[in-house]
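Here is a short briefing on one protein model. It covers confidence, a surface patch and charged pairs.

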Amino acid sequence: MHVIPLDEPHLCVLGDPQQRARFPDPEAEMRRAVDRSNASVAGVQGVTLAVHLCRRNWGRNGWGAAGG
């Protein structure tokens, strides 16, 4: 089985109310992230696609966003 992992940290960060407040339209940001991810795999067949969501781990500086 072949797996193509996609990294999409923006969506998870937009789940944090503090981070959402930084954007005039966080819902539009989320749609844009989904649309770009979908466009990047359009036409891809015969593989499993996986999406990695994270809150941006900055090592000793902590997380980029809060949430579970």
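A patch here is built from residues with over 30% relative accessible area and no salt bridge, with nonpolar side chains joined within 5 Å. This is a predicted model. One nonpolar surface patch covers about 200 Å². The structure also holds 2 salt bridges.

**Confidence**
- Mean pLDDT for the protein is 85. A value of 70 or more is reached by 84% of the residues.
- Helix α3, residues 26-40, has the highest mean pLDDT among the elements, at 93.
- Helix α1, residues 9-13, has the lowest, at 79.

**Nonpolar patch**
- I4, V44 and L49 make the patch.
- V44 sits in the loop between α3 and β2 (48-52).
- The relative accessible area of V44 is 35%, so V44 is partly exposed. That value passes the patch cut-off of over 30%.

**Salt bridges**
- Side chains of opposite charge can pair when their charged atoms come close.
- E27 is partly exposed at 39% relative accessible area. R20 is partly exposed too, at 24%.
- E29 and R32 also meet in a salt bridge, at 3.0 Å from N to O.
- E29 and R32 are 3 residues apart in helix α3, so about one helical turn separates them.
- Is E29 buried or exposed? E29 is buried, with 18% relative accessible area; the cut-off for buried is under 20%.

Notes
Residues numbered from 1 in each chain as written. Predicted model: local features only at pLDDT ≥ 70, side-chain atom pairs only at ≥ 80, totals over all residues. Heavy atoms only, no water. pLDDT = per-residue confidence, 0-100. Helix = DSSP H or I, 4+ residues; strand = E, 2+ residues; numbered from the N terminus. Patch = residues over 30% accessible without salt bridge, like charges linked within 9 Å, V, L, I, M, F, W, Y side chains within 5 Å. Areas by Shrake-Rupley, 256 points an atom, 1.4 Å probe, with all protein chains shown as cover. Salt bridge = Lys/Arg side-chain N within 4 Å of Asp/Glu carboxyl O. Buried < 20%, exposed > 50% of the residue type's maximum accessible area, 1.4 Å probe, protein only.
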